[in-house]
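Below is a set of questions and answers on one protein chain. Read them alongside the sequence and the coordinates.

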Amino acid sequence: MVFSLLDFTRKTRSKGFLSVGLTSLVIHTAMIGGVVYATLRAAPSDIRVRMDTTVVLLTPQDQPKPADPAAVQLVDALKGFQTVTLPAQIPTDIPPVDLQQRFDPKDYSGSGVEGGRANGLVVGGSDVYAEALVEERPALLSAPPPVYPALLKQAGIQGRVILRAIIDTTGRVEPASVRIIKSPSPAFDQPTKDWVLKALFRPARLHGRGVRVFINLPVDYSLTGSSGSP
């Protein structure tokens, strides 16, 4: 009886150990499978934003052509316009030139009767002429020697001053017309102006009458020659 109980107990324990081992194997297998599955599912996913590059072509719509603006109707017709008729054939010949004809600047003074000829020129007292247009040019009659600036003389500076002025019908220079055109030093300007205002000229003449005339007068300042010689 006692041997039978011990044998039963031994068989019971063997079956219990076998069942526990099978259960443990199933559980561990399930756990390992779950870990492998979870590992595969845990792979990094692509979360980048993708852009759709599909090209869509749209047919342009025809724009309606704007209507032409209405013509402006003038109440009164334009005046002062003339219809110019173009020549059917453009001339290419050079007009004949008389090479023997003498050129006289006085014929083109710009004032006088129609045609601009010198024999019809009307001389006015207020007109100012260029030296090339008068019959007798002005000439210097008398003038005091100009003052040579002391500082320029000590520095050895010399040169030519060119001034422009108007000589009236009495042979005097009009003060408001004096302009210095060229000067080697600004210190020469005022002595030159003072000198020309004291000078006396023979008036220019046209058709026997004294006229006002523009002149360009050079004044030389030299340390070796006569100072201020025009």
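## Questions on the fold and its contacts

Along the sequence, the elements of the protein come in the order α-β-β-α-β-β-α-β-β-β. The model is predicted.

Q: How many helices and how many strands are there in the protein?
A: The pattern read along the sequence is α-β-β-α-β-β-α-β-β-β. Counted by type, the protein has 3 helices and 7 strands.

Q: What percentage of the 230 residues in the protein is buried?
A: A residue counts as buried when its relative accessible area is under 20%. Of the 230 residues in the protein, the buried ones make up 20%.

Q: Which residues make the nonpolar surface patch of about 410 Å²?
A: Isoleucine 94, one of the patch residues, is in the loop between α1 (2-41) and β1 (128-129). Isoleucine 94 counts as exposed because its relative accessibility is 73%. The patch of about 410 Å² is made by Ile94, Val97 and Leu99.

Q: Which residue forms a salt bridge with aspartate 220?
A: The structure holds 2 salt bridges. In the one with aspartate 220, the closest N and O atoms are 2.5 Å apart. This pair links distant parts of the chain, with aspartate 220 in strand β7 (residues 209-221) and its partner in strand β3, 60 residues apart. The partner of aspartate 220 is arginine 160.

Q: Is aspartate 220 buried, partly exposed or exposed?
A: Partly exposed residues fall between the buried limit of under 20% and the exposed limit of over 50%. Arginine 160, at 44% relative accessibility, counts as partly exposed. Aspartate 220 has a relative accessible area of 22%, so it is partly exposed.

Q: How far apart are the closest N and O atoms in the salt bridge of arginine 212 and glutamate 174?
A: Side chains of opposite charge can pair when their charged atoms come close. For arginine 212 and glutamate 174, which form a salt bridge, the closest N and O atoms are apart by 2.8 Å.

Q: Is arginine 212 buried or exposed?
A: The limit for a buried residue is under 20% relative accessible area. Arginine 212 has 18% relative accessibility and therefore counts as buried.

Q: Which side chain of opposite charge is nearest to aspartate 168?
A: Aspartate 168 is in the loop between β3 (159-167) and β4 (179-182). Aspartate 168 is buried yet has no salt bridge. A salt bridge needs a nitrogen and a carboxyl oxygen within 4 Å, whereas the nearest side chain of opposite charge is 7.0 Å from aspartate 168. That side chain belongs to arginine 212.

Q: Which residue has its backbone nitrogen 2.9 Å from a polar atom of the side chain of aspartate 168?
A: The side chain of aspartate 168 also has a polar contact of 2.8 Å with the side chain of threonine 170. Leaving out residues up to four places away in sequence, aspartate 168 touches Glu174, Pro203, Val211 and Arg212. The backbone nitrogen at 2.9 Å is that of arginine 172.

Q: Is threonine 224 buried or exposed?
A: Threonine 224 is found in the segment after β7. Threonine 224 and glutamine 158 are 66 residues apart in sequence and 9.6 Å apart in space, C-alpha to C-alpha. With 77% relative accessibility, threonine 224 counts as exposed.

Q: What is the phi of histidine 207?
A: Histidine 207 is in the loop between β6 (204-206) and β7. At 38% relative accessibility, histidine 207 counts as partly exposed. Although histidine 207 is not a glycine, its phi is positive, at about 55°.

Key: Residues numbered from 1 in each chain as written. Predicted model: local features only at pLDDT ≥ 70, side-chain atom pairs only at ≥ 80, totals over all residues. Heavy atoms only, no water. Patch = residues over 30% accessible without salt bridge, like charges linked within 9 Å, V, L, I, M, F, W, Y side chains within 5 Å. Areas by Shrake-Rupley, 256 points an atom, 1.4 Å probe, with all protein chains shown as cover. Helix = DSSP H or I, 4+ residues; strand = E, 2+ residues; numbered from the N terminus. Buried < 20%, exposed > 50% of the residue type's maximum accessible area, 1.4 Å probe, protein only. Lys, Arg positive; Asp, Glu negative; His and termini not counted. Polar contact = N/O pair within 3.5 Å; in protein donor to acceptor, adjacent residues only side chain to side chain. Contact = heavy atoms within 4.5 Å.
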